[in-house]
Structure formats: structure tokens, C-alpha cells
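Please keep the structure open alongside the text.

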Amino acid sequence: MKRRLLTQIRAEWRSNIWLAIELTIISVVLFYIVDFLWVRFTVINEPLGFNVDHCYRVQFATLPSGSPEYIPDRTAEESNRDILTILDRLGARPEVESVAMGTNAHFYNSSNSGELLTVDTFNTGGAGMFLNRMVSPDFPKVFRIYGAHGESPEKLASLLENPLTFLISDDAFKPVYGIGSMREFIGKDFSTYGGDTIRLVGTYSPVRYDDYVPRDYTRSMMRSMPKSEYYAFNELVVRVHDNMDNDFAENLMKDADSQYRVGNYFISAVDSFKDIRFVHQRSNVMVTRFYFTGGAFLAMNIFLGLLGTFWFRTRRRIPEIAIRMVNGATRGDILRRVVGEGELILLLVTPLAIVFDYQIVHLQLNQPYENAYFDPARFAICVLLTLSFMALMILAGVILPAVKAMRLQPAVALKSE
Amino acid sequence: MKINYLRRAWLSMCQQPLVSVVSVAGTTFAIFLIMVVVMLNEVGIAPYPPESNRERWLVQRYLSIKYKDNNESNGCMSYATVKAVMYEMTTPEAVTAFTYGNNRVSVSVPGSPATGCEMRGVDAGFWKVMDFTFLQGAPFTQDEFESGVTKAVISESMAKKIFHSTGIVGRDIRINYTPYRVCGVVKDVTNLAPFAFADIWVPFSSTNSISFSWNDYMGPFSAIMLAKDKKDFKEIREEYDRLFAKLGDEAAINGKSFVSRGRPYTQKVEAIKAGSWETPDVRRSDTTLWIVFMILLIVPAVNLSSMTQSRLQQSREEIGVRRAFGTPRYAIAIDILIENMLVSLFAGAIGLILSLLFIITYGSWFLIPASDESLAPTGINIGILFHWTTFGWALLFCFLLNLMSSGLPSFQAARTDIVKALEGK
């Protein structure tokens with residue numbers, strides 16, 4: 001049957017060559033899209049290592065000097081007392097579970113601070129950004145960050161109390177030295193880029209940067225500041241009890257004037273992390289939508305192209321189909337033959353398409369995942385997914401003409417002959 | 001021979017209804033998607049209120065400074081730089097400096113809780129460069145700007161949110177606990193307009209931003225120079241270079257030099273959104289866009305070409321008859337091309353309308369507000385999306401698609417051998 005189909009395809013080479021060109025182009029572009037989306041969804045489904053449900057960012061600022069309420073010559077000590085008062089008052093709200101501060105520390109944040117830590121002959125450089133999250137001790141409680149060996153967020157918070165100690169993500173030395181756990185370094189003194197010496201007191205499970213940055217960019221540390229320097233923090237975050245965050249932001253803003261106008265500080269806005277996450281990632285979401293739309297466009301073209309071409313083809317072949325039926329071909333045979341022709345053209349162009357697919361990967365035009373552009377398993381999965389999807393679209397395009405051919409009445413079709 | 005192309009195209013479509021629907025759908029879908037890409041791209045480039053003068057302006061969003069040790073600082077400008085260069089310019093019709101990133105501020109009136117909104121610090125020139133529609137009042141003047149008056153222009157929706165009315169000129173509000181007086185209410189601005197968008201606009205001379213700077217030259221300000229005519233761009237650039245060279249002499253004493261990176265940019269270059277540390281690569285951006293267009297054109301063109309060829313196979317006898325009666329080959333090819341062009345134009349018009357409806361309804365799926373924080377809807381409308389250039393693009397792509405999908409089949413059909421065609425072979 002296959003040989004006869006090949007002969008038939010060869011006989012109509014002029015029209016089939018167009019189909020073959022179209023299917024090759026679509027197959028290559030679709031492979032690129034499938035590969036991109038495969039990487040995207042693999043990354044999105046990796047564990048985040050933190051939780052932002054019921055979390056809010058409280059934006060605070062200092063009064064401009066032109067404000068009648070501005071207190072000139074406020075000392076650092078007084079400013080720190082003011083910020084601690086705000087922190088205490090926030091923590092005392094019945095809805096609030098925990099409250100923390102930080103500098104460029106919260107998740108879904110475009111501002112970062114880096115650090116280079118050195119211990120013995122090891123350091124944290126050489127594998128992209130190593131993030132330094134300067135935070136107050138309750139930061140792990142707010143974002144529910146767990147220790148690498150199951151330690152609770154509360155335990156991590158207690159380890160962060162001493163500003164001369166710090167916590168590190170368990171994968172800190174993994175990319176460069178292949179060291180999978182930082183446990184053996186606990187208790188050792190590390191040097192910072194600025195020359196400080198700080199002691200590692202615990203490790204935590206890697207926390208992602210956001211939903212779209214892969215887990216190989218998770219290396220980070222958390223370190224607290226002395227309580228006398230909290231005025232230097234630029235972020236204030238809270239976690240609200242699971243069942244108590246109805247209208248939390250609105251209620252807090254209502255109290256902003258009466259309770260949180262302290263010294264020169266005031267609260268300017270309260271944002272939920274649901275919104276912060278949305279805003280931070282909207283360009284990534286948009287790009288994903290573009291790729292989906294591109295895939296849908298190609299699929300629609302396969303469908304329309306096959307439908308149009310095979311509609312003509314079956315019309316022209318009515319006498320031939322009728323003769324086949326008269327000679328004993330079942331309706332199923334006719335259906336299989338028409339569908340098989342479309343699928344066989346796809347199969348014939350596949351080797352060429354795979355060569356082009358490989359070129360895309362070889363030239364590193366696709367997305368890297370875990371620092372690799374080519375992974376045999378990933379390549380095979382994406383090629384198979386592309387082919388399966390195209391085969392489905394071909395089936396959808398060919399099925400209408402095929403059913404039409406199948407329902408042909410041989411006697412009526414051959415009457416004119 | 002006069003041919004009624006419209007009638008022929010219609011009859012041809014009626015002969016093969018399903019294939020005609022498939023052809024029209026293929027063209028419609030292709031033009032739809034191409035026009036979506038064109039319009040999304042145009043949102044960053046084409047003029048619309050209040051950024052109506054985009055075609056006549058040059059943008060200085062960032063400044064770059066190089067130090068003796070080859071390190072660089074990249075960012076916005078300080079007020080001192082704005083004064084030394086931007087405000088010294090005489091060639092442009094108007095110059096404005098403004099805070100590039102909006103500030104999230106607390107706005108309140110006595111007796112009501114504070115609301116977080118986006119505020120932009122601007123100068124008096126801002127109102128000449130931008131094209132705001134004032135519903136009430138007027139902007140602050142140059143004298144008021146220079147004296148640091150605490151006046152504010154507020155958007156219509158923010159006025160309604162805070163005061164439940166738009167007739168609020170002369171009323172007092174508190175911005176970050178500082179009293180301001182409302183001097184004007186303007187029509188809402190789409191958050192897609194990177195330089196104009198805000199909820200409240202105040203003279204930056206009334207805020208701390210005027211004194212905020214580092215490295216003497218860097219600060220929170222960007223600037224736009226509005227030319228009287230596009231032809232003046234060269235002259236404006238020369239004056240700009242001259243003034244920066246003068247400032248550069250002063251900077252050189254402290255071991256600093258300015259890195260131009262081809263600034264100031266036209267809106268088209270600015271829309272590439274290059275980082276402050278990089279020079280926009282116009283060629284790369286254009287190439288990427290055209291690769292997308294080519295994929296969106298080639299795939300349906302191959303598709304339609306295959307169908308056109310099948311359709312022409314059925315008209316072989318007719319082509320044979322016309323050739324036998326002396327119609328030249330080129331006339332046959334042109335007839336087929338025109339006939340298909342009419343179908344392409346019809347389908348293209350549907351595609352264009354669908355793309356407009358799609359972006360107006362689902363534009364926020366694909367458009368990112370220029371403001372980092374804004375959660376408000378983009379406020380996209382037909383005035384922002386549709387320009388005569390958009391129509392021109394649609395026509396061009398219809399023509400290209402038609403040429404690509406019918407060119408070869410029409411050429412092949414015109415070369416039909418008369419005897420074989422009449423025999424029906």
C-alpha cells in the first residue's frame with residue numbers, strides 16, 4: 001500500500017512539492033516554538049522554594065522637605081526608632097502573621113544585590129549572579145522558605161538573628177565545583193567582597209528568582225542587619241493569616257495616616273504579591289502568548305492547506321476512487337488511502353526537517369535549559385511533539401475530503417464514464 | 001479586451017465555494033496576524049495623544065559617562081545637566097525635561113484615606129511638547145515652574161476617584177503629605193505612552209528630585225526636544241553635540257567623558273527600548289521584525305499557491321481557448337494576478353478589521369504598559385491603533401501575499417500549451 005501511495009505522490013509531484021515545502025517550513029518553525037514552550041513550561045513547573053500567597057509589600061517613603069510635617073535634622077537613630085515603630089505596629093495587627101524588611105530582597109523584584117563569598121579555595125563567583133538578600137530575621141517566615149534539611153522557616157528566622165552569621169542556598173557551589181550540598185561548610189567563616197567575615201550557620205533549599213528564571217540561577221544568601229540599622233532597608237513585606245486577607249490593603253491604607261505616619265516616614269501604597277508577580281512577569285507571559293499564537297497560526301495553515309489541496313484532489317480522483325470501490329476496496333480502504341497520502345508526505349519531509357531542527361539547536365538559536373542547548377532526550381521529545389501535532393492537523397485537514405471520498409457512490413460516479 | 005475582473009473573481013469563487021472559503025480564510029488569517037504584529041509595533045512608534053508629536057521629536061532618555069578607568073555610569077540626567085544642555089538649546093521649537101520613572105505617591109484629601117497613584121515631575125515645556133486635553137483649568141506656567149509652586153495637574157479618573165468630580169480646579173490635595181493645589185484636569189492618558197503617562201503631574205521644581213543627583217551629571221531626568229520640522233533634526237543634533245562638548249570640557253577636568261551612543265534618538269530608535277548601557281541596534285530590530293513578517297507571509301503564500309495551482313488546473317481549457325484566440329501570455333498572467341489580488345484585498349480588509357477588533361478587545365494580552373507599576377487597563381483605542389500608514393502596510397502585505405501565492409501559478413498557467421490545454425491534458 002505504501003509503495004502504491006508513493007507512486008501516487010510521485011505522479012502528482014507538482015502539487016505535492018508545494019505541500020512538502022509548506023510542511024518542511026512549518027515543521028522547522030513549529031519545532032522552534034515547541035522547544036521554546038517545552039523549556040518555558042519545564043521551568044515554570046520547577047519548585048519555587050518560596051510562597052507569596054497572602055503576602056503584601058508595604059511601600060514606605062520619607063516626607064519631602066517641602067512638607068509642613070517634615071522634621072528637619074532627624075538623626076539616624078531617631079529614623080531607626082521610627083521604622084521599628086512602624087514594624088511593631090504592623091506586626092501587632094491581628095491579620096498579620098509575620099513582617100520583615102529587606103534590601104532588594106523580595107521575590108519578583110527587578111532590583112538585586114550581588115555578593116562574592118570566599119571560603120578556603122572556594123568562592124561563589126563564576127556562575128552568574130550570586131544574590132545577597134539583606135533581610136530582617138523574619139524574612140523566611142514571610143515567604144515560607146525552608147531549610148535544605150527540612151528546617152522550618154521559624155528555625156531559619158532564629159538562625160538569622162545574629163548579623164555576623166548568614167544562611168546560604170544549598171546549591172551555592174554546585175555549578176562551579178559540583179558540590180551538591182553546603183552542609184559541610186556550616187560553621188565555617190566566609191569572607192565577603194567588602195572584607196567582612198561572617199559565619200555560615202545554615203543552608204536553605206534553593207529559592208527561584210521568579211517563575212520564569214530557571215533553577216540554575218537560584219544561588220543566594222540571606223544575611224540580617226543589626227536592629228539599629230533597619231532604617232537602611234528599602235522594603236517592607238508582610239504575610240497575612242490565610243483566612244484574614246480580605247481587603248487587607250484597603251484597611252491598611254485607611255490606617256496609614258493615623259497609625260503609620262511616624263517621624264518622617266509614611267506608607268504610600270500596599271501591593272499584593274499577586275499583583276507584583278503579575279507586573280514583574282507580564283513581559284514573559286506576553287512572549288509565551290506570542291509563541292502560542294504563532295503555533296496556532298501554523299496549525300491553522302496546515303489545516304487550511306491540506307483541506308484545500310485534498311478537496312481538489314479527491315474531486316479530480318472521483319472516477320479513480322469509484323473504480324477502486326468497484327474492484328473491492330472498502331470505504332475504510334479509501335479513507336485510509338486519502339489520510340495516508342497526507343501523512344506520508346509529512347513522513348517524507350521529516351528527515352529534512354530534522355536536519356534543519358538540528359541546525360537550529362547546533363547554532364544555539366533555541367533556548368538554553370540547564371546551560372544546554374542540545375539534549376538528546378529534549379530534542380527527541382520536541383521533534384516527536386512537533387510531528388504528532390502536525391500529523392493531527394493533517395488528519396483534521398484531510399478528514400473532510402477523505403470522508404467525502406469514502407461516501408462516494410461508485411455507480412453514480414462512473415455513470416458519466 | 002475589457003475584462004470585468006470583479007465578476008470573474010466572484011464567479012470563480014462561486015464555482016468552488018469550499019476552496020474559496022479556505023483561500024479567503026487563509027489570506028484573512030495571515031493579514032490578521034501580520035497586522036496585529038504591525039499595530040503592536042506601531043504603538044511604540046506612531047503618534048497619538050498626548051504623544052502626538054513623536055514624529056517631530058528627539059529623545060534623550062539616558063546619559064552615559066565614562067571614567068578614566070573605563071568604568072561607566074549610565075542612567076538619567078541631573079537637573080544640572082538638563083540646565084547646561086537641554087535648556088540652553090535654541091533650535092528646537094520646545095524642550096522639556098521630566099522625571100522618567102513615575103513616583104508612586106500617596107494622595108489624599110482631608111477626611112479620606114490616602115490613595116497610591118503615579119506622579120510625574122515635569123517642567124512648563126512639557127505642556128508644549130505633549131498634547132494633553134484639558135477638561136478643566138490650565139497647566140502651570142514657566143514662572144510658576146521656576147518659583148517651585150505646588151500646583152498639580154490631575155487625570156480625569158484620578159479626580160473622580162479622589163473628589164468624585166472633575167470640577168476640582170482650585171481644590172487642595174495632599175501629595176506625600178505636602179499640600180498642592182489642583183490647577184488642571186486632563187483627559188486620561190494611556191499607560192502605553194512612556195513619557196506622558198501618569199495620574200498626577202507636578203512641577204519637579206516643587207519636589208526633592210531637583211536636587212537629586214550623583215556624579216554631578218546623573219539624576220532622575222529625561223528630556224525631549226521638539227523640532228519645528230523633521231528637517232531640523234540635523235541642526236538640533238549639531239547644537240546638542242556642541243553643548244555636550246562644552247559640558248564635556250568641564251567633565252574632563254574630573255576625568256569623566258560623555259559617551260554619546262548616537263543620542264538623541266528619534267521615536268523609532270527610542271521604541272527599541274535599549275538599556276541605558278547599550279546603543280540601540282536598529283538593523284537587528286528591523287531584521288527580526290521582517291523575519292517574523294516573512295514567516296507570516298511565506299507559510300500562507302505556499303499554502304495559497306498550492307490551492308491557486310489546483311484551481312488553475314481546472315481552468316486549463318478556458319486558458320487554452322483564450323490563448324487560441326490570441327490572448328498574449330502576459331495578459332493571461334496579469335488577469336490571474338489581478339483576479340487573485342481582488343480576493344486578497346477582500347480577505348485583507350476582513351483581516352485588518354479583525355485585527356483592529358482583536359487588539360481593542362485583547363490588546364492587554366500583548367501590550368506591556370510603559371509604566372512598571374501600572375495595573376490599570378491600557379486604554380487602547382482605535383485612535384492609537386489605526387493610522388493611514390497602518391492601512392498602507394495592510395495593502396502592501398496583501399500585494400506581497402498575492403504576488404507570492406499567485407505569481408508562480410499564474411506564470412505556469414500562462415505558459416500552458418494551447419493544444420494540450422484544449423485536449424484537457
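In this predicted model, B:R120 stands opposite B:W201, a residue of strand β11 of chain B. The pairing to which these strands belong is parallel, with 4 bridges joining β6(B) to β11(B), which spans residues 200-203.

**Strand β6(B) and its other partner**
- Strand β6 of chain B covers residues 115-122 and is mostly covered, since 6 of its 8 residues are counted as buried.
- Strand β5 of chain B, residues 103-108, pairs with β6(B) in the antiparallel sense, and 5 bridges connect the two.
- Within that pairing, B:V105 has B:C117 in β6(B) as its bridge partner.
- The two strands β5(B) and β6(B) form a hairpin with 6 residues between them, and in the turn B:G111 has a positive phi of about 90 degrees.

**Contact between the chains**
- On the chain B side, 37 residues are in contact with 41 residues of chain A.
- The elements of chain B that give two or more residues to this side are α2 (17-42), β5 and α9 (282-314), and α9(B) provides the largest share, with 11 residues.
- Sorted by class, the side of chain B that touches chain A has 20 nonpolar, 14 polar and 3 charged residues.

**Confidence in chain A**
- Chain A averages a pLDDT of 88, and 97% of its residues score at least 70.
- Confidence in chain A is highest in helix α4 (residues 139-143), at a mean of 97, and lowest in helix α12 (residues 410-415), at a mean of 70.
- Where pLDDT is low, the predicted coordinates should not be read in detail.

Terms used
Residues numbered from 1 in each chain as written. Chains lettered and ligands numbered in written order. Predicted model: local features only at pLDDT ≥ 70, side-chain atom pairs only at ≥ 80, totals over all residues. pLDDT = per-residue confidence, 0-100. Buried ≥ 20, exposed ≤ 12 C-beta atoms within 10 Å, placed from the backbone. Pairing = 2+ DSSP bridges. Contact = placed C-beta atoms within 7 Å. Nonpolar A, V, L, I, M, F, W, Y, C, P; charged D, E, K, R; others polar.
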